[in-house]
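Biologist: I'm new to this one. Could you put it up and take my questions as they come?

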Amino acid sequence: MTKPIALVDCNNFFVSCERVFDPTLRGRPVIVLSNNDGCAISRSNEAKQLGIKMGQPLFQIKSLVSKFNVKVLSSNFSLYSEMSMRVMEAISTFSDAVEYYSVDEAFLEIPNNINNLDFYAENLKETVLKWTGIPVSVGIASTKTLAKLANEYAKKKNLGVSNFYRHLNLDTVLQQIDVSEIWGIGYQSHQKLKNIGVHNVLDFKNLSPQFVQSKFNITGLRTHQELHEISCLPVHTKLNPQKSMVVSRSFGEPITHQSCLLEAVNTYLGKAAEQLRRKNLVAANLTIFITDKKSFSRSFEVELPTPSNYTYDFLKYSQDAVSKIFQAG
C-alpha cells in the first residue's frame, strides 16, 4: 500500500482572503469578480446557494445581487498572492514533501510516523485557519486522484476532512460521486462516458483497463489506475527549471470584441503565473500574442522591471497590450 497523500484546498479562496480583512463579509453572500469586473471567479457558500455559477457574467446575475444584497468585490491579486504564501508556509510545517499545485491548493506526503490520519488532517486544517484566517478542506487517500475526490467530498458534505485512505466502504462512496468530478475528466470525456452508461466514479473504476486505454489513451488509463489505488502521479517537490513557458488556447469561434479578448488574455496570464508559482520560477519577459493562424498575427512584448510570478504583476500590462494588438474585424 502506498503512503497516504493529502490535498489541502482553500475554501472559496478569494472570498476567504477578503473576509480575513473585512469580518463584516462573513455569513453573507459575497462574490469576487475577474480583473475587468466581468465575471464571478470566487463565490461564498451563501452566493453559491443563491445559484450564482462559477464564471457567470455579472450582467446575468444583477437581479440576484440586488434582491439578496450580494456583496460584489473587485479582485485584489496582490492580496491573494500574499495570503497564498502564508497558507503554503503553514502547510509546509506538516510535511517535508509538499507540491504547491496552485495558488490555493497543495499536495503533501504524510510522514511515516503519523498513525492517526484524521487527527493529523484536523490539526493541519486548524493550524492553517489559526495562522492565516483561511478555512481549508483536506482530502486524504493513497493517490492524488483519490485525494482530489476526497477533498471535493469533504467540501460537499461540509466535513472539513475526508479520509479515503484504506476506506472500508470506498466503492460505496465513489458510487455517490458523479464521474465529471474526477480530476482530468473534461467536458468531452464526460459526454463520451455518459454515452456508454458511465455516470459515477465507481462506474468508471469498474471499466476494464484495456477499454479505458482504447477510449481515453494513456492519460485516462493513469486516472483509472489511480482510482484502483495504484499511484501514477507522484508528489513533485522539485521540478527541473525551464527557460520559457507558453500558455495559449484556440477559441471555439471567432472573437470579435476587444473586451472578450482581454478577458481571455487575463485568464491565460493568471494560468501562466500559477504555473510559474507551482514550479518555483519567475519570469523576466512577457509576450502576449494573438493570431488567426492564417494571415493575421500580432504581439506585445515587455521586460518586467522585476522578475515575478505574481498574477497582478502580469495583469498590469494586459489592457495596454490588447489595445495595441487588437484589430477590428
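Biologist: Which helix is Thr145 found in?
Modeller: Thr145 belongs to helix 6, residues 144-156. Helices here are DSSP runs of H or I with at least four residues, strands are runs of E with at least two, and both are numbered from the N terminus. This is a predicted model, where local features need pLDDT of at least 70, side-chain atom pairs count only at pLDDT 80 or more, and totals for chains, interfaces and linings use all residues. Residues are numbered from 1 along each chain as its sequence is written, and side-chain values use heavy atoms, with hydrogens and water left out.

Biologist: Is Thr145 buried or exposed?
Modeller: Thr145 is buried, at a relative accessible area of 1%. Buried means under 20%, exposed over 50%, and partly exposed in between, with a 1.4 Å probe and protein chains only.

Biologist: What is Thr145 in contact with?
Modeller: Apart from neighbours within four places in sequence, Thr145 is in contact with Ile182, Trp183, Thr223, Glu226, Leu227 and Leu233. Contact means heavy atoms within 4.5 Å.

Biologist: New topic. At what angle do helix 4 and helix 5 cross?
Modeller: Roughly 140 degrees, and the axes of helix 4 (residues 77-92) and helix 5 (residues 117-132) come within 9 Å. Axes are lines fitted to C-alpha atoms, for helices over the stretch in contact, and angles run from 0 to 180 degrees between N-to-C directions.

Biologist: What does that make helix 4 relative to helix 5?
Modeller: Oblique. Angles under 35 degrees count as roughly parallel, over 145 as roughly antiparallel, 65 to 115 as roughly perpendicular, and the rest as oblique.

Biologist: Which residues make the contact?
Modeller: Helix 4 brings Met83, Arg86, Val87, Glu89, Ala90 and Ile91, and helix 5 brings Leu124, Val128, Trp131 and Thr132. By class that is 7 nonpolar, 1 polar and 2 charged residues. Ala, Val, Leu, Ile, Met, Phe, Trp, Tyr, Cys and Pro count as nonpolar, Asp, Glu, Lys and Arg as charged, and the others, Gly among them, as polar.

Biologist: And the largest nonpolar core, which members touch the most others?
Modeller: Phe13, Ile91, Leu108, Leu124 and Val138, out of 57 residues. Helix 4 gives the most to this core, with 8 residues. A nonpolar core is a set of buried Ala, Val, Leu, Ile, Met, Phe, Trp, Tyr and Cys residues joined through side-chain atoms within 4.5 Å. There is also a second, separate core of 28 residues, including Ile5, Phe107, Phe164 and Ile185.

Biologist: Back to Ile91. What is Ile91 in contact with?
Modeller: Leaving out residues within four places in sequence, Val8, Val98, Ala106, Leu108, Leu124 and Val128.

Biologist: How do helix 11 and helix 13 pack?
Modeller: Helix 11 (residues 258-278) and helix 13 (residues 318-325) pack at about 135 degrees, with axes 10 Å apart. They are therefore oblique to each other. Their contact has 5 nonpolar, 5 polar and no charged residues.

Biologist: What about Leu269, buried or exposed?
Modeller: Leu269, in helix 11, counts as buried at 6% relative accessibility.

Biologist: Last one. What is the phi of Asn69?
Modeller: Positive, about 55 degrees, although Asn69 is not a glycine. Asn69 lies in the loop between helix 3 (62-67) and strand 4 (71-74), and is exposed at 52%.
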